[in-house]
Amino acid sequence: MEPTTDRLKTPRAAGMAGVAFALLLGAAIVLMRISIPGDAADATIDQDRRWAVQLALQIVPFAGIFFLWFMGALRAHTGEAEDRFIATVFLGSGFVFVAALFAAAAAAGTVLNEETPSDFGRHYAYTLLATYAMRMAAVFVLATSMIGRTLGVFPRPLAMLGTLVGLILIVVGAGVPWSELLFPAWALVISLHILRVRRTAAPTDRAGPP
C-alpha cells in the first residue's frame with residue numbers, strides 16, 4: 001500500500017506552485033494594465049511606465065512554468081480516480097491558457113517597442129489576455145472545481161466559489177477591466193487551502209497507525 005507521506009508530497013507541491021503562479025500572474029496583469037493603455041484616448045506609453053511592461057514580460061514565462069507545475073501536481077493528486085472526460089477538458093484548457101498568455105505577452109512586447117502604440121497592437125494584446133486566455137482559464141477553473149467536488153478534494157463552498165469565478169470569467173470576458181485578476185485570486189485561495197489541509201494531515205501521518 002502506498003505510504004501516506006508520498007500522497008502528501010503532491011498536494012504540497014501543488015500548493016506551493018499555485019501560490020507562486022497566483023502571485024506572479026497577478027503582478028504581471030497589474031503591471032500590464034497600468035502600463036499599456038486600453039483605450040484610444042491614451043495611446044502613449046511614457047518612459048516612466050516602460051519598465052513595468054518589461055518587468056511583466058520577464059514575469060510571465062515563470063508564471064506559465066509554475067502554472068504547468070500546479071496543473072500537473074493537481075492531476076497527479078487525483079490519480080486513477082479522475083474522470084477522463086473532465087481530465088481532458090482540464091488539461092486542454094490549461095495548455096491553451098498558457099499558450100494564449102504567452103502570445104499576449106509577446107504582443108505586449110511589440111507594443112513596448114513603439115513610441116505610440118497602434119490600435120491593432122493594443123487591441124490584439126488585450127484580446128488575447130482578457131478574452132481568449134481568461135475564457136480558457138474559466139474552463140480550467142470549472143473543470144478543477146468539478147473534479148474537486150466529485151472526488152471530495154475540495155469542500156462544497158470552495159467548489160461553489162470556483163464555479164462562480166468560472167462563470168463570471170466566461171460571461172464577463174473583456175467587458176469589465178481588471179476582471180482577469182479573479183483567476184490568480186482563485187488559484188491563490190485553492191493553493192492556500194491545499195497547504196492548510198496538508199499541515200493538518202501531516203501530524204497524523206507522522207504519528208503512524210495505533
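This is a short talk through one predicted model of a protein chain, from its overall layout down to a few residues.

Okay, hi everyone. Let's start with the big picture. The chain has 210 residues, and its secondary structure comes to six helices and zero strands. So what order do the elements run in, starting from the N terminus? They go α-α-α-α-α-α.

A couple of totals next. Buried residues make up 45% of the chain. The accessible surface comes to about 10,800 Å², and 67% of that belongs to carbon and sulfur atoms. And if you take the contacts between residues at least 6 apart in sequence, 81% of them join residues at least 24 apart.

Before we zoom in, a word on confidence, since this is a prediction. The mean pLDDT of the chain is 78, with 72% of the residues reaching 70 or more. Which helix has the highest confidence, and which the lowest? Helix 5 is highest, at a mean of 91, and helix 6 is lowest, at 75. Now look at the ends. Over residues 1-8, pLDDT stays under 50, and the model has eight contacts for that stretch beyond four places in sequence. Residues 204-210 also stay under 50, with three such contacts. Where pLDDT is low, the predicted coordinates should not be read in detail. Keep that in mind when you look at those two stretches.

A pair of rings is described by the distance of the centres and the angle of the planes. How many aromatic pairs does the count come to here? Twelve. Let me walk you through two of them.

In the pair of Phe 67 and Phe 97, the ring centres are 5.1 Å apart and the planes sit at 65°, so we call it edge-to-face, the cut-off being over 60 degrees. This pair links distant parts of the chain: Phe 67 is in helix 2 (residues 47-78) and Phe 97 is in helix 3 (residues 84-112), 30 residues apart. Both Phe 67 and Phe 97 are buried.

Phe 97 has another partner, Phe 183: here the centres are 5.0 Å apart and the planes are at 80°, so this pair is edge-to-face as well. It joins helix 3, where Phe 97 is, to helix 6, where Phe 183 is, and the two are 86 residues apart. Phe 97 counts as buried because its relative accessible area is 1%, and Phe 183 because its value is 0%.

Now, which residues do ring pairs link into a cluster? Phe 21, Phe 67, Phe 90, Phe 97, Phe 140, Phe 183 and Trp 186.

For contrast, find Phe 62 in helix 2. With 48% relative accessibility, Phe 62 counts as partly exposed.

Next stop, Glu 180. Where does Glu 180 sit? In the loop between helix 5 (156-172) and helix 6 (182-207). Is Glu 180 buried or exposed? Buried, because its relative accessibility is 1% and the cut-off is under 20%. Leaving out residues up to four places away, Glu 180 touches Ile 29, Arg 33, Ala 130, Met 134 and Leu 169.

Arg 33 is in helix 1, and at 18% relative accessible area it counts as buried. Beyond four places in sequence, Arg 33 touches Tyr 126, Pro 177, Trp 178 and Glu 180. Take Tyr 126: Arg 33 and Tyr 126 are 93 residues apart along the chain, with 9.3 Å between their C-alpha atoms.

Trp 178 turns up again on the surface. Together with Val 30 and Ile 34, Trp 178 forms a nonpolar patch with about 240 Å² of accessible area. Ile 34 belongs to helix 1 (residues 4-35) and counts as partly exposed, at 41% relative accessibility.

Last one: His 193, over in helix 6. Its relative accessibility is 12%, so His 193 counts as buried. And which residues is His 193 in contact with, beyond its neighbours within four places? Val 153, Phe 154, Pro 155 and Leu 158.

Methods. Residues numbered from 1 in each chain as written. Predicted model: local features only at pLDDT ≥ 70, side-chain atom pairs only at ≥ 80, totals over all residues. Heavy atoms only, no water. Helix = DSSP H or I, 4+ residues; strand = E, 2+ residues; numbered from the N terminus. Buried < 20%, exposed > 50% of the residue type's maximum accessible area, 1.4 Å probe, protein only. Contact = heavy atoms within 4.5 Å. Patch = residues over 30% accessible without salt bridge, like charges linked within 9 Å, V, L, I, M, F, W, Y side chains within 5 Å. Areas by Shrake-Rupley, 256 points an atom, 1.4 Å probe, with all protein chains shown as cover. Salt bridge = Lys/Arg side-chain N within 4 Å of Asp/Glu carboxyl O. pLDDT = per-residue confidence, 0-100. Phe/Tyr/Trp six-rings, centres within 6.5 Å; stacked < 30°, edge-to-face > 60°.
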